Amino acid sequence: VFAMFFLYSASAANLGIGWGLFNSKVTSYSEVESASYLIKNMTSQDEWVLANGMMEVGFYSERKTAELSHNYSKFLGQLRAYNATVFLTSHYEESQQLNEVAQAVQSGNGLPESTAYHLVMDSDKYQLVKVFERNVTGQDGKPATQPMVFVFKKIA
């Protein structure tokens, strides 16, 4: 009886901790989910989407997805191979690349081999459709927004 009571109380405590962890992660990819629903509405069922986090985007958008290449030359090959016109880049998977792009834009330096850089800078080729942001607390302790997911469309 003592062993059963001990096992029950230990399990109940672990369930409470596990439930708390689950609840803290429920919205962790909400921006990807929202972006994927947008992609679903702007593409046909047979269209390919190139995306960072392709599995999540494919699941939520119900579209065929392939991984968005970091290398711009390879990305151009993907465009031809998949005939894709919609692209998603995510701060979740590409925070380092997106930070490099932001620094390059601010300093006026180019990143010729960066797909993310071309998606942002080549406005005659790619249109930024929507940025999905998350509310965060800034370093100064004040509320701020953090861009998390970017959806681009190839201009015909």
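V120 belongs to helix α6, which covers residues 115-121. With a relative accessible area of 40%, V120 is partly exposed. Please keep in mind that this is a predicted model.

Now to the charged pairs. Side chains of opposite charge can pair when their charged atoms come close. How many salt bridges does the count come to? The count is 2.

One of them joins the side chains of E31 and R134, with 2.9 Å from N to O. That pair ties together distant parts of the chain, since E31 sits in helix α2 (residues 30-42) and R134 in strand β4 (residues 126-137), 103 residues apart. Is E31 buried or exposed? E31 is buried, because its relative accessible area is 6% and the cut-off for buried is under 20%. R134, on the other hand, is partly exposed at 22%.

There is also a salt bridge between E62 and K40, whose closest N and O atoms are 3.1 Å apart. Here, too, distant parts of the chain are linked: E62 is in the loop between α3 (54-61) and β2 (64-67), while K40 is in helix α2, 22 residues away. Both partners count as partly exposed, E62 at 48% relative accessibility and K40 at 28%. E62 has another feature to look for on your screen: just after α3, this residue takes a positive phi of about 60°.

That brings us to helix α3 itself. Its buried residues are V57, G58 and S61. Why do they lie on the same side of α3? Because they cover an arc of only 100° around the axis. If you turn to the other side of α3, you find M55 and F59 exposed. The buried residues of α3 pack against α2, β1, β2 and β3.

Next comes helix α4, residues 72-82, where Y72, F75, Q78 and L79 are buried. These four share one side of α4, because the arc they cover around the axis is only 105°. As a reminder, an α-helix has 3.6 residues a turn, so residues three or four places apart point the same way. Which residues are exposed on the other side of α4? They are K74, R80 and A81. As for partners, the buried residues of α4 pack against β1 (48-51), β2, β3 (86-90), α6 and β4.

The two ends of α4 deserve a look as well. At its start, a side-chain oxygen of N71 comes within 2.9 Å of the backbone nitrogen of S73. After α4 comes N83, which has a positive phi near 55°.

Let me finish with T89, a residue of strand β3. T89 counts as buried, because its relative accessibility is 3%. Which side chain does T89 join in a polar contact of 2.7 Å? That partner is the side chain of N52. Setting aside neighbours within four places in sequence, T89 is in contact with N52, L68, E94, L98, M148, V149, F150 and F152.

Methods:
Residues are numbered from 1 along each chain as its sequence is written. This is a predicted model: local features need pLDDT of at least 70, side-chain atom pairs count only at pLDDT 80 or more; totals for chains, interfaces and linings use all residues. Side-chain values use heavy atoms; hydrogens and water are left out. Buried means under 20% relative accessible area, exposed over 50%, partly exposed in between (1.4 Å probe, protein chains only). A salt bridge is a side-chain nitrogen of Lys or Arg within 4 Å of a carboxyl oxygen of Asp or Glu. The arc is that of the directions from the helix axis to the C-beta atoms. Contact means heavy atoms within 4.5 Å. A polar contact is a pair of N or O atoms within 3.5 Å; within protein, one must be able to donate a hydrogen and the other to accept it, and residues adjacent in sequence count only if both atoms are side-chain atoms.
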